Amino acid sequence: MFAFMVFLPPVMKALAGEIRAAEAMFRKQCSAEQSQWPPWSHGRRVKECVEHMVATKVAREVIVPFDVTLKHFRYPGILSTHHLGAFLWLSAGLAQFGLSRAGPAERRRHRLVGYIFLLSAILIAVGFIQIVWHNLFAAYDYHALFPHEVSLPSRAEYLMTVGIHSSLQLWFLFTAGKAWAAAGRRRFEEHRTWIVRHMASGGWVVVMRVIISLSQGVIYTAMRLGWAPVGGALKHDLFGISAGLGVLVSFATAELYLLTSLRSMDASMAVVRTTVAA
């Protein structure tokens, strides 16, 4: 995270400087390309042309094309389920771990936030179904931006992508259900175990974003210094690698945390039993 805070801002500042320098050239090009008639809409069309060219330039510089996320704004159903659910899920999850549960009022609040937590997980799943239905996978965005470097996924690749994402989504719902059932039976240690796994099953997306942000600085430096050609195919591969690393790091961290906490609990119980026996 320290590297992210120190290294990435100068990179993005340099990119912003390049964009500002390119805007004047884009404005001249767009002004020459756009028809002068009707004159009252010429300025608007030039502005739209410049914005499109700037967006294309930025999209070619960064690892993840903007349309990977921005395209969801064309689907209100996805915004009101997947994105709203993700915001509620992250907020409720942090609240559940951070807020006290010592008194009766705090425990009632914990249960209330738990309801929101479960509802948000369901909303995320409903949004995912819509994403699959509308075929809004990142491979198509990379192909649109780099048509000569990134080919459209084959039928087998498409089914594999849907299968992997569906499996992750089912595990996400399964861990939420197990945590909820354990809480209902007042098995609080089991509940905590499944909540940790549930947070990992959704938190991999956040880890993936951090990995991409850190990689962006390396990509930008490599492009500017000419170390290696960084094209659309490599960026597409880095997107997939970042997702895989996000899953691996999140799931492994959760299981390692559960393993160490279990050992610590066993050691504490052993001390208690020894003390009682003495």
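**View 1. Phe137 and Tyr158, an edge-to-face pair.** Let us start with Phe137, which counts as buried at 8% relative accessibility (buried means under 20% relative accessible area, exposed over 50%, partly exposed in between, with a 1.4 Å probe and protein chains only). Tyr158 counts as buried too, at 17%. The ring centres of Phe137 and Tyr158 are 6.0 Å apart and their planes stand at 80 degrees, so the pair is edge-to-face (rings of Phe, Tyr and Trp, the latter by its six-membered ring, pair if their centres lie within 6.5 Å; planes under 30 degrees apart count as stacked, over 60 as edge-to-face and the rest as tilted). Phe137 belongs to the loop between α5 (104-133) and α6 (138-145), while Tyr158 is in helix α7, 21 residues apart (helices, H or I with at least four residues, and strands, E with at least two, are DSSP runs numbered from the N terminus).

This is a predicted model: local features need pLDDT of at least 70 and side-chain atom pairs count only at pLDDT 80 or more, whereas totals for chains, interfaces and linings use all residues. Residues are numbered from 1 along each chain as its sequence is written, and side-chain values use heavy atoms, leaving out hydrogens and water.

**View 2. Trp89 and Phe172, a tilted pair.** The whole structure holds eight aromatic pairs. In this one, the centres are 5.7 Å apart with 55 degrees between the planes. Trp89 lies in helix α4 (residues 76-98) and Phe172 in helix α7 (residues 155-184), so the pair ties together parts 83 residues apart in sequence. Trp89 is buried at 5%, and Phe172 is buried at 4%.

**View 3. An aromatic cluster.** Trp89, Phe117 and Phe172 form one cluster.
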